[in-house]
Amino acid sequence: TLPLAVGAFSAMVFIGLIVCLLSQLSWVEHTHRVIGNASRLKIVILDQETGTRGFLITGEGKFLAPYTLAKPKMASELQNLKGLVQDNPAQLDRIHRIESLHQQWDQFAQRILELKRTQGDYVGIIRAETGKQLFDEIRREVRAFIDAEDKLLQERNETARRTTFWV
């Protein structure tokens with residue numbers, strides 16, 4: 001019975017280590033998913049800025065396409081990220097700040113676009129750098145979000161490596 005008990009104990013330890021490893025790998029995969037979604041969010045935000053800038057330079061509506069197409073994607077990407085990081089209050093706060101800053105920037109963008117359409121003084125408003133400051137802050141928040149996820153990824157990879165070693 002002793003060899004059977006030692007064998008059963010060894011099997012239980014091995015199964016426990018495998019379960020632990022699978023859990024760690026799941027968190028690594030989750031972090032990759034969050035980073036990918038954050039990168040898509042960054043692209044959507046840049047598309048909006050690109051569309052706005054193109055329209056302001058040319059005055060042609062076709063240059064607003066990236067802005068217009070990205071607008072509904074923005075809400076979707078934010079919701080996806082909120083769902084993925086709901087267990088991380090610091091990252092959830094960053095998403096809320098990004099959302100708030102983006103809403104402010106979008107109001108600014110709509111204002112200058114309307115001024116451009118009506119031949120108003122949109123250049124003076126742009127020179128005040130309100131939009132630039134908002135957009136720079138959005139960039140900083142997105143960068144901080146991705147940096148935090150990169151740090152989590154490194155930690156989780158290291159934990160998975162240690163677990164793999166012990167398995």
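1. Start with Lys 116 and Tyr 122. In this predicted model, their side chains make a polar contact at 3.2 Å. Find that pair in the structure before moving on.

2. Where does Lys 116 sit? It is found in helix α3, which covers residues 89-117. Leaving aside residues up to four places away in sequence, Lys 116 touches Phe 55, Leu 56, Gly 59 and Tyr 122.

3. Is Lys 116 buried or exposed? Lys 116 is buried. Yet this residue has no salt bridge. The nearest side chain of opposite charge belongs to Glu 60, and it is 9.8 Å away.

4. Now the whole chain. It has five helices and zero strands. Read from the N terminus, the elements run α-α-α-α-α.

5. Look at the overall dimensions. The chain has a radius of gyration of 24 Å. For a compact globule of 167 residues, the value would be near 15 Å. Along the principal axes, the C-alpha atoms fill a box of roughly 90 × 25 × 20 Å.

6. Next, contacts along the sequence. Take the contacts with a separation of 6 or more: 75% of them join residues 24 or more positions apart.

7. Last, burial and surface. Of the 167 residues, 35% count as buried.

Notes:
Residues numbered from 1 in each chain as written. Predicted model: local features only at pLDDT ≥ 70, side-chain atom pairs only at ≥ 80, totals over all residues. Heavy atoms only, no water. Helix = DSSP H or I, 4+ residues; strand = E, 2+ residues; numbered from the N terminus. Buried < 20%, exposed > 50% of the residue type's maximum accessible area, 1.4 Å probe, protein only. Lys, Arg positive; Asp, Glu negative; His and termini not counted. Salt bridge = Lys/Arg side-chain N within 4 Å of Asp/Glu carboxyl O. Polar contact = N/O pair within 3.5 Å; in protein donor to acceptor, adjacent residues only side chain to side chain. Contact = heavy atoms within 4.5 Å. Rg over C-alpha atoms; globule rule 2.2 N^0.38 Å.
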